[in-house]
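Dear colleague,

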Amino acid sequence: MRLSERNPLYWLEFFLRAAIRLRQLAVREQAAGCLVFSFFYAALAGLATLGLKPRIITLVRGDDVFDAGFKSHVGLRQGAHRLIEQLGARFSSRILTTNRSMQEAIMARTGMHDKFATLPNDITTRPLPVPALEPGQTARLVTVSVLNERKNIHRVLEALAQLKHLKWEYQLIGTDTSMTGYEARLKRLARTFGIESRVRFMGWQDNAADLLKDCHLFLLPTLMEGSPNALLEAMGHGLPCLASRIPEIGEILQDQTLLFDPQDSRELTQKLEQFMTRPGQAELLLHKTRQQASPYRFDWDREIVRLIGGDNRLSDLDNAMEQTVSR
């Protein structure tokens, strides 16, 4: 009988089976090391290769301990993630985080400092023929994000509820990952505010660019991020952006004009009203967003090779780990 993924025994069985397979592979291939994503897989690889001393390079793209605070059974989840984080960090030879803020938080929790470096995600998208917002035109606003409490989408709805006298529509591209009915909560909120006909829940889209090319402004009200691909992709597409004034976003958007308080909708309301009504404001945001994009146009593969010391011996163990997970 197959266990449900909600059953803790499922994950114990998964971990043990994966560890056995990885050890067999590491011994057979005499692996010099592996590249893994997250402390979970670093802990798995480390335990699976005890005594073999491979070089484990760990890429961390999100703070799982922080994220657990927005899910059910907070204490249990955070305790488990702290344990996994400690194990993964100890087994790792090198740890690469996507921003300095997350790096500092993890270093403070683990007490380890000499293993860390920062490597943000890069912009991989190409410019789109994004339309200019003309006077009197309906402003098309968009957020690309999974829907959960950490993404803070309800703050945008609060801001838009104060701008019912203006012409706008808001598209949400993404699926509910909250397990708490966050999308349903957003729909109820939009209905309560009387803006439900102007808020469109698009679900997952295989090619979001087809929708983004018709939008005027990208919004990201998140409370915590790693290196947000959705924001970088929007910047690469050429959309003007407004995002949360949090440390992780502030490393990317260093102009205060492009940032707003994620805990209070009033500043976002003001900036959206200016975007839709003040002559030249849309062009200003677009110009400032473009200025922030240039540092994120780089060869990510080449940069990671440089950061891990040009070690070409990192084996196919990372590919095997992916295959193990899929089984």
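**What was found**

Glutamate 196 lies in the loop between helix H7 (182–193) and strand E7 (199–203), where helices (H or I, at least four residues) and strands (E, at least two) are DSSP runs numbered from the N terminus. This is a predicted model, in which local features need pLDDT of at least 70 and side-chain atom pairs count only at pLDDT 80 or more, while totals for chains, interfaces and linings use all residues. Residues are numbered from 1 along each chain as its sequence is written, and side-chain values use heavy atoms, with hydrogens and water left out.

At 41% relative accessibility, glutamate 196 counts as partly exposed, given that buried means under 20% relative accessible area, exposed over 50%, and partly exposed in between (1.4 Å probe, protein chains only). Leaving aside neighbours within four places in sequence, glutamate 196 is in contact with Ala190 and Arg191, contact meaning heavy atoms within 4.5 Å. The C-alpha atoms of glutamate 196 and valine 60 are separated by 37 Å, and the two residues are 136 residues apart along the chain.

**Salt bridges**

A salt bridge is taken here as a side-chain nitrogen of Lys or Arg within 4 Å of a carboxyl oxygen of Asp or Glu, and by this rule the count comes to 14 salt bridges. One of them joins glutamate 225 to arginine 150, with the closest N and O atoms 3.9 Å apart. Glutamate 225 lies in the loop between strand E8 (217–220) and helix H9 (229–237), and arginine 150 in the loop between strand E5 (139–144) and helix H6 (153–161), so the pair ties together parts that are 75 residues apart in sequence. Glutamate 225 is buried, at a relative accessible area of 8%, and arginine 150 is buried at 12%. Both residues belong to a network of salt bridges that links Asp67, Arg150, Lys151 and Glu225.

Within helix H6, arginine 155 and glutamate 158 are 3 residues apart, about one turn of the helix, and their side chains meet in a salt bridge of 3.0 Å, N to O. Arginine 155 is buried at 14% relative accessibility, whereas glutamate 158, at 23%, is partly exposed.

A further salt bridge, of 2.7 Å from N to O, is formed by the side chains of glutamate 267 and arginine 245. This pair links distant parts of the chain, with glutamate 267 in helix H11 and arginine 245 in the loop between strand E9 (241–244) and helix H10 (247–250), 22 residues apart. Arginine 245 is partly exposed, with a relative accessible area of 32%.

Threonine 269 has its place in helix H11 (residues 265–277) and counts as buried at 11% relative accessibility. Apart from neighbours within four places in sequence, threonine 269 is in contact with Ala159, Gln162 and Leu163. The buried residues of H11 include Leu268, Thr269, Leu272 and Phe275. The 13 residues of H11 should span 18 Å at 1.5 Å a residue, and its end C-alpha atoms are 18 Å apart, which agrees; the expected span is 1.5 Å times one less than the number of residues.

Helix H12 (residues 281–293) also deserves a look. Its 13 residues reach 19 Å from first C-alpha to last, close to the 18 Å expected. Among the buried residues of H12 are Ala282, Leu285 and Thr289. Seen down the axis of H12, the buried residues fall within an arc of 145 degrees, so they line one face of the helix, the arc being that of the directions from the helix axis to the C-beta atoms. These buried residues pack against E8, H9, E9 and H11.

**Core and cysteines**

In soluble globular proteins, nonpolar side chains tend to be buried together. A nonpolar core is defined here as a set of buried Ala, Val, Leu, Ile, Met, Phe, Trp, Tyr and Cys residues joined through side-chain atoms within 4.5 Å. The largest such core has 53 residues, of which Leu141, Trp168, Tyr170 and Leu272 touch the most other members. Its largest share, 5 residues, comes from H6. Leaving aside neighbours within four places in sequence, tryptophan 168 has contacts that include Leu141, Leu160, Val199 and Met276.

With a disulfide taken as a pair of cysteine sulfur atoms within 2.5 Å, the count comes to 0 disulfides. For cysteine 215, the nearest cysteine sulfur is that of cysteine 241, 11 Å away.

With best wishes
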